[in-house]
Amino acid sequence: MRKLSIVLALMLAIAPVSVFAESISGEIKPSPWSGDWWSRKKGFLVKGWKGHSPSPFEKYDSYVKSVTGRNPGAHSWESNTNNHHYNPNAEPWEGHCNGWSGAAVLTKEPKITRNRGGIAFETADQKALLSEQYMNCYCNFYGNRYWGNDNEDMDDIYPDEFHRLLIDNIASGKTAMVCDIEADRMVWNYPLYKFESSWSTGWFDDHKLKVKTTCYYVNDDVPPEYLGTKWFAVNYTYNLYVDDNGNVISGEWTGDSKKNHPDFVWIPTGDARVPSNSTLENPCLDPKFVKDICEGPANKQNGRAAAPSSRNPDDLLVEAGLDPNELF
Amino acid sequence: MKKNLIISLLLIAIVFISNSVYAGNEDGFVPVWKVGQKWILEAAYRDLRVEGEAWLPAMQWIFHVRAKKEFNGEECYVLHIYGRKVSQKNQAILWLSVNDLRPLKVIDVFPTSSGMKYKERDINNQSAEPLVAEGTPIPYDMPSFPLVRTENRAQSANISGDKTSSSIAKKFSRIRSIGGISFKRSVSQKSKTPDKKLSDIFNGYLKQSRNNEATFQVEINEDRSSNKVVQLWHEGSPWAIRENKRDRKVRLVPESEYVNRDGGNN
């Protein structure tokens, strides 16, 4: 017993800094919504699914035609296998996960059926249109996408950068982020909206923080009609290195996270028009009609797409809670 | 012996004169703005999520000097930046020291699924480090001013850029405190005479410029990130006339291209 006390006393005496633990967490509310990822192979967008017919794009074309007198051709474009949006021979993982991710972060979840010109757009139809519209979107991008080339750094995105993004965006309540959760060549985009992180210093190395972080991702493995946020959690471990002043200066993935960590992170900032010669997004889908379908009252008989807003830039500052008179 | 002494004195005199000339320009270039002044930047964005060179349609951003106000005892320009189209909801408000455009306060305004929000960036307003636009699509990247001419003749606006030039490098430690944790990054800035391949970019601007207006190629690098910024600044222009980053290309829109200077609601 006496020997044990001496050993413990010695250990405490030689430890440069006592072990301590700290933690931080964050959650974005309202959280991004779950929705189908609209597999290219299944083609729900153009074929509908069991108990759901006509398909979302057939409804869209009918509604726009009822307003403008002209079929916009969204269903026809989406069905054309040359455009690679519907293809019975597509890989089973190919779909619209990036469009769904962008829409789930930037738009409110459609929770009610909206009748437009006598056509009932169920929540699944609305989510389908939003997921297509956000296939092209502006975003802030972090890390580098891994393409499988020898000269690429598989450790990227680095954990110090990832940790900083979690705190800067989620702990601060700013915005959810989207992660490609596979470090390898495949891309699986999921919105990350919540995390819990804790760390401690080592006995003999107070320049190293051993971090455990649990990230909560929004799941797209749900039926099209699903409402709310279904999530799954992934644990990551990494070391952060700090300088003499306690500033984080670098990091390294550890344990299973060496191979299982996000590849890149992107934060959507707004919808983008379809670039010429691009087939990433259906060019026959007009955002102002999608907005008309997915926002506003449950019933509108004489469908008219909302006129472009004529708001002053200062109005957006006011909406954000800022006072232009004080600022300027 | 006497000859050596004369040569030495001559060399000392040359060094003294050259230093005097340099000291005379040491204040260097800091853009000067007027309240009410506006200019437009056009930014094209590369979609790094997809393979190859996929570029999204360009967006135009209006930079509007809304006021001069005192902040922390320093006179500042209050620069309001907003989209030319109402669908571009991101905005930024920058408080920049009139003396050297050092950022003293930066507010980013952005859309979310539950409406508009804003966030104030953590800025070390005692440090004259470059401002890197991060977490926003608005291209307000800005070097540490003043920019100093490295070689008077080589940097005059009408050069072809084929002369060799020296560069001026600065290093900064950027420490950002977020949620009680501080992250340190080394940021470097190098300014020099524009490379030859970039010198023709000035052609469109030279008609309005005077020969003694300097041009600068500025490179800003941040370690452990891919945020390398290359900008071209010109003494006669309110902002960098060109910027390249891995995910965006930006140009200052010449006034002759303005359709509606007020913008905002087009």
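Q: How many helices and strands does chain B have?
A: This is a predicted model, so read everything here as computed from it. Going by secondary structure, chain B counts three helices and twelve strands.

Q: What percentage of the residues in chain B is buried?
A: A residue counts as buried under 20% relative accessible area. Chain B has 266 residues, and the buried share of them comes to 52%.

Q: Among contacts in chain B between residues at least 6 apart in sequence, what percentage joins residues at least 24 apart?
A: Take the chain B contacts whose residues are at least 6 apart in sequence. Those joining residues at least 24 apart make up 53%.

Q: Are the rings of B:Trp33 and B:Trp239 stacked or edge-to-face?
A: Searching the whole structure turns up 26 aromatic pairs over all chains. In the pair B:Trp33 and B:Trp239, the ring centres are 6.2 Å apart and the planes meet at 25°. Planes under 30 degrees apart count as stacked. That angle therefore makes this pair stacked.

Q: How many residues apart in sequence are the parts that B:Trp33 and B:Trp239 tie together?
A: B:Trp33 is in the loop between α1 (2-24) and β1 (38-46) of chain B, while B:Trp239 is in the loop between β10 (229-234) and β11 (242-245). B:Trp33 and B:Trp239 are both buried, and they belong to a cluster linked by ring pairs that also includes B:Phe29, B:Trp39 and B:Phe145.

Q: Which residue of chain A has its ring under the charged end of B:Arg66?
A: Charges sit over rings in both directions here: A:Lys174 lies over the face of B:Phe110, 5.1 Å from the ring centre. For B:Arg66, the charged end is 3.9 Å from the centre of the ring, and that ring belongs to A:Phe328.

Q: Which strand of chain B gives two or more residues to the lining of the largest cavity?
A: There are nine cavities of 30 Å³ or more in the structure, and the largest has a volume of about 200 Å³. It is lined by 23 residues, with A:Lys174, A:Thr175, B:Phe110, B:Pro111 and B:Thr112 closest to the centre. Chain A gives two or more residues from each of α5 (97-106), β4 (137-143) and β10 (264-271), and the chain B strand that does so is β5 (103-112).

Q: Where does B:Pro146 lie?
A: B:Phe145 and B:Pro146 are joined by a cis peptide bond, with omega about 0°. A cis bond also joins A:Ser53 and A:Pro54, with omega about 5°, and A:Pro54 is in the loop between α2 (44-47) and α3 (56-68) of chain A. As for B:Pro146, look in chain B, in the loop between β6 (115-120) and β7 (167-178).

Q: Is A:Trp38 buried or exposed?
A: A:Trp38 isn't a glycine, yet it has a positive phi of about 50°, and it lies in the loop between β1 (21-27) and α2 of chain A. Its relative accessibility is 1%, so A:Trp38 counts as buried.

Terms used:
Residues are numbered from 1 along each chain as its sequence is written. Chains are lettered from A and ligands numbered from 1 in the order in which they are written. This is a predicted model: local features need pLDDT of at least 70, side-chain atom pairs count only at pLDDT 80 or more; totals for chains, interfaces and linings use all residues. Side-chain values use heavy atoms; hydrogens and water are left out. Rings of Phe, Tyr and Trp (its six-membered ring) pair if their centres lie within 6.5 Å; planes under 30 degrees apart count as stacked, over 60 as edge-to-face and the rest as tilted. Helices (H or I, at least four residues) and strands (E, at least two) are DSSP runs, numbered from the N terminus. Buried means under 20% relative accessible area, exposed over 50%, partly exposed in between (1.4 Å probe, protein chains only). A charge sits over a ring if NZ of Lys or CZ of Arg is within 6 Å of the ring centre and within 35 degrees of the ring normal. Contact means heavy atoms within 4.5 Å. On a 1 Å grid over the protein atoms alone, a cavity is a set of points where a 1.4 Å probe fits but cannot get out, and a pocket is an open set with protein on both sides within 12 Å along at least five of seven lines; lining residues have an atom within 4 Å of a point. Grid points are joined across faces, edges and corners, and a volume is the space filled by probe spheres set on the points.
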